[in-house]
Amino acid sequence: MPVKILTQHSTKPEIFNSQISTTMAETNHTSHTTSRTRKRIVVGMTGATGAILGIKILIVLRRLNIETHLVLSNWAEATIRYETDYTPANLRALADHVYSNRDQAAPISSGSFHVDGMIIVPCSMKTLAAIHAGYCDDLISRAADVMLKERRRLVLAVRETPLSEIHLRNMLGVTRAGAIICPAVPAFYTRPDSIDDLVDQMIGRMLDLFGVDTGDFQRWDGFEKE
C-alpha cells in the first residue's frame with residue numbers, strides 16, 4: 001500500500017490553492033524576452049522516490065521570487081501521484097515556465113538562454129547515467145548537458161541506496177565534468193519534530209549551492225552548552 005507523505009504546514013495540499021494565490025499576487029512574472037532581474041533556476045524532476053523534495057523546492061523558490069523553469073519526466077508524474085496528494089498540475093501551477101520533457105526545442109535546451117543553474121530533484125540513476133554519457137534523449141538530460149558545457153551550476157539530488165559501482169562511477173564522472181552530487185540526506189542535529197523539518201533542512205542545503213538562503217532551517221553553530 002503506498003505511503004502518502006504529508007507535511008505539517010507549507011506543503012499541505014489543503015492550503016495549496018491559497019498559497020498559490022498569495023505567491024502569484026506577490027510575484028511579477030517575466031517573459032523570455034524581458035530584461036532579467038530575477039534569479040532563474042531550472043528544476044527537473046524524475047521518477048526517483050522523494051517527490052516531496054521537488055514540490056518543496058518549487059514552493060520555496062516561488063516564495064523567494066526566483067524564476068523557475070520546470071520539466072517533469074513521465075515517471076516523475078507517476079511518483080508525484082503515488083507518494084503525495086499532489087498532482088502534476090499542482091506543480092505546474094507553481095512554476096513560471098513549464099516544458100514537456102520531449103520538447104528539445106525549449107529555451108532551456110540552448111546555452112544562449114541564460115539561467116543561473118539547474119537542480120534535478122529527485123534525480124534517478126537513469127538520469128544520472130544519461131548525463132554522464134552525454135546522451136540527451138530528453139529535455140532534462142539536454143538541459144543538464146547545457147549546464148555542464150556552459151560551466152553553470154548543476155546540482156543532482158540523487159536518490160538511491162545502496163549504490164553500485166556503476167552508480168558511483170557515474171557520480172564521479174559528472175562531478176569531474178562540473179556537476180555537484182547532493183544526495184537527499186537528512187540531518188538530525190536540528191532535532192527534527194516532523195518530516196517537514198527534515199525536508200526543510202535538505203532543501204535549504206540544496207539551495208545553498210545556488211547562493212539562496214531559505215531561512216527555513218537551523219544551521220549548525222557548534223554544540224550547545226548545557
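**Exercise 1. Locate Thr 84 and trace the polar contacts of its side chain.**

Solution. The side chain of Thr 84 reaches the backbone nitrogen of Tyr 86 at 3.0 Å, and a polar atom of that side chain lies 2.7 Å from the backbone oxygen of Ile 80. A polar contact here is a pair of N or O atoms within 3.5 Å, where, within protein, one must be able to donate a hydrogen and the other to accept it, and residues adjacent in sequence count only if both atoms are side-chain atoms. Thr 84 itself is placed in the loop between helix H3 (74–83) and helix H4 (88–94), with helices (H or I, at least four residues) and strands (E, at least two) taken as DSSP runs numbered from the N terminus. Thr 84 counts as buried because its relative accessibility is 1%, the classes being buried under 20% relative accessible area, exposed over 50% and partly exposed in between (1.4 Å probe, protein chains only).

Before going on, note that this is a predicted model, in which local features need pLDDT of at least 70 and side-chain atom pairs count only at pLDDT 80 or more, while totals for chains, interfaces and linings use all residues. Residues are numbered from 1 along each chain as its sequence is written, and side-chain values use heavy atoms, with hydrogens and water left out.

**Exercise 2. Describe the surroundings of strand E1 (40–45), covering its faces and its partner strands.**

Solution. Next, turn to the pairing, for which DSSP must find at least two bridges between two strands. Six bridges join E1 to the parallel strand E2 (residues 67–72), where Thr 68 stands opposite Ile 41. Four bridges join E1 to strand E4 (residues 117–123), also in parallel, and there Ile 120 stands opposite Gly 44.

**Exercise 3. Which residue forms a salt bridge with Arg 38, and where do the two partners lie?**

Solution. The general principle is that side chains of opposite charge can pair when their charged atoms come close. The rule applied requires a side-chain nitrogen of Lys or Arg within 4 Å of a carboxyl oxygen of Asp or Glu, and by this rule the count comes to 11 salt bridges. Arg 38 pairs with Asp 96, the closest N and O atoms being 3.4 Å apart. The pair links distant parts of the chain, 58 residues apart, since Arg 38 is in the loop between H1 and E1 and Asp 96 in the loop between H4 and strand E3 (97–100). Both partners are buried, and the side chain of Arg 38 also makes a polar contact with the side chain of Asn 65 (3.2 Å).

**Exercise 4. Determine which helices are tied together by the salt bridge between Lys 56 and Asp 200.**

Solution. The two side chains meet at 2.1 Å, N to O, in the salt bridge of Lys 56 and Asp 200. Lys 56 lies in helix H2 and Asp 200 in helix H8, so the pair ties together parts that are 144 residues apart in sequence. Lys 56 counts as buried at 3% relative accessibility, and Asp 200 counts as buried at 7%.
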